[in-house]
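Here is a quick walk through the contacts in this model. Have a look at the structure first, then read on.

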Amino acid sequence: MATIPRITFGEATFSCQPDESLLDSLLRQNIQVPFGCRQGVCQACLMRSIDAAPPESAQAGLKDTLQTQNFFLACVCHPEQDMTVALPNQQGAFIEANVIKKQLLSPDIIHLVLEYQTPFNFFAGQFVNLKRPDGLIRSYSIANIPHAKNVLEFHIRRLPKGQFSNWVHEELKLGTALSLSAAQGACHYVPGRATQPLLLIGTGSGLAPLYGIIADALTQGHQGPIHLFHGSRDLNGLYFIDELRELSEKFNNFHYVASISGDNIDSKHVKGRANDIALASIDSLSGWRVFLCGHPEMVNQSKKMAFMKGASMADIYTDAFHVLQADS
Amino acid sequence: MSNSPETTSSQSLYEQLGGEAAVNAAVDIFYRKVLSDYRINRFFDNSDMEKQAAKQKAFLTMAFGGPNNYSGQDMRTAHARFVKMGLDNSHFDAVMENLCATLSELNVPQELIDQVSAIAETTRNDILGK
């Protein structure tokens with residue numbers, strides 16, 4: 001006879017009865033969580049299991065990246081074992097990490113490397129909130145895959161009035177401790193379907209998550225072609241050009257195009273917007289996996305175009321870099 | 001999707017169509033048709049595509065005779081702002097046309113398309129706020 005699963009949510013622990021969904025049991029405890037259709041469609045009751053893998057049926061229709069991260073829909077979740085659950089935006093504790101490297105990649109973009117001591121789980125391409133000692137917080141994408149050295153790499157672009165980015169560029173010193181949140185976001189590589197073609201389009205420091213995703217895919221033995229299109233308005237937003245060319249020499253299935261979209265710029269790179277060049281070069285995206293990172297307008301336009309060109313909605317992963325207008 | 005003409009009548013429409021897998025196969029095709037249809041795409045533009053696809057999936061599940069708890073009142077509330085934008089019978093007809101074309105493309109037999117069509121038709125007055 002099966003035991004009744006115990007559910008932990010924050011400070012509360014309670015049982016989930018056999019005839020009720022996890023959502024029902026939360027509501028019975030007067031725990032307010034968002035919900036809508038109660039039939040696994042609207043995804044308003046999206047939650048995450050911190051420990052046990054949720055039942056597969058509670059993950060139907062979710063993006064594979066969210067499934068990998070143990071997200072599920074509470075309204076169709078009938079727990080089979082004890083679970084500790086949380087809301088998607090519920091912030092875990094911040095951990096500390098020290099600056100171990102700062103290096104300019106282009107006049108605008110700095111390579112920041114942090115080292116952490118506390119165990120930390122992430123997928124390359126996810127983002128974290130970085131908090132400086134006075135409490136100012138900004139989100140940055142992780143550009144590397146997890147490895148034994150316990151480091152996180154970021155590409156931080158200096159924005160004209162960016163409080164955080166200018167501080168990183170000008171004042172942040174080696175050895176300084178920053179706080180960082182748990183890794184978030186659903187734009188990352190999931191193993192399996194190793195022969196699927198991948199299309200990655202990024203503008204400016206939108207290359208950061210893509211660089212991590214490519215490293216992840218290649219490390220996990222992705223066999224299908226991987227096409228990266230990196231673009232910028234001017235030369236200050238292009239970087240890692242040599243590294244990416246070397247990568248394309250080392251891996252036959254990796255292809256790289258750098259482009260410049262601004263007028264009257266003399267460069268050896270392809271002229272035009274990265275997304276226009278990418279989408280014009282491929283007739284059909286049916287069966288492709290598509291990653292779009294960087295300028296929000298580029299991401300939204302390309303998302304629609306990639307879908308219209310045949311990519312399935314479930315196979316399009318995006319990370320739009322929204323910039324706070326006033327004091328970014 | 002079922003191509004077999006000998007599907008037994010004891011199966012529900014949803015089962016004959018192929019259940020959730022059939023809805024998944026249909027949703028991208030249907031949504032693509034709607035977005036490229038100049039008569040109606042202004043009602044579908046500028047929305048979160050992921051959420052929009054989830055809604056289309058709910059609609060298709062309902063029209064396929066699958067599990068749903070669509071209420072007429074919800075449909076009215078959700079479409080009220082589009083009615084203000086001029087949503088009328090011609091737009092509803094266009095959506096129906098795209099729905100049937102999607103099913104044809106997936107080789108669904110005509111008699112099943114007619115059944116799907118009849119279910120979708122029952123939402124007309126609620127969607128148009130009549």
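This is a predicted model, and across the interface of domain 2 of chain A and domain 3 of chain A there are four residue pairs in polar contact, both residues at pLDDT 80 or more. On the side of domain 2 of chain A that touches domain 3 of chain A, the residues split into eight nonpolar, five polar and two charged. As for salt bridges between domain 2 of chain A and domain 3 of chain A, the count is zero.

Now for the contact between the chains. Chain A and chain B have two salt bridges between them. Glu50(B) forms a salt bridge with Lys63(A), with the closest N and O atoms 3.2 Å apart. There are also seven residue pairs in polar contact between chain A and chain B, both at pLDDT 80 or more. The side of chain A that touches chain B is made up of seven nonpolar, four polar and three charged residues.

Here are the two interfaces in table form:

| Interface | Residues in contact | Buried area | On carbon and sulfur atoms |
|---|---|---|---|
| Chain A and chain B | 14 residues of chain A, 16 residues of chain B | about 1,300 Å² | 56% |
| Domain 2 of chain A and domain 3 of chain A | 15 residues of domain 2, 19 residues of domain 3 | about 1,300 Å² | 63% |

Technical notes. Residues numbered from 1 in each chain as written. Chains lettered and ligands numbered in written order. Predicted model: local features only at pLDDT ≥ 70, side-chain atom pairs only at ≥ 80, totals over all residues. Heavy atoms only, no water. Contact = heavy atoms within 4.5 Å. Buried area = accessible area lost by both parts, 1.4 Å probe. Salt bridge = Lys/Arg side-chain N within 4 Å of Asp/Glu carboxyl O. Polar contact = N/O pair within 3.5 Å; in protein donor to acceptor, adjacent residues only side chain to side chain. Nonpolar A, V, L, I, M, F, W, Y, C, P; charged D, E, K, R; others polar.
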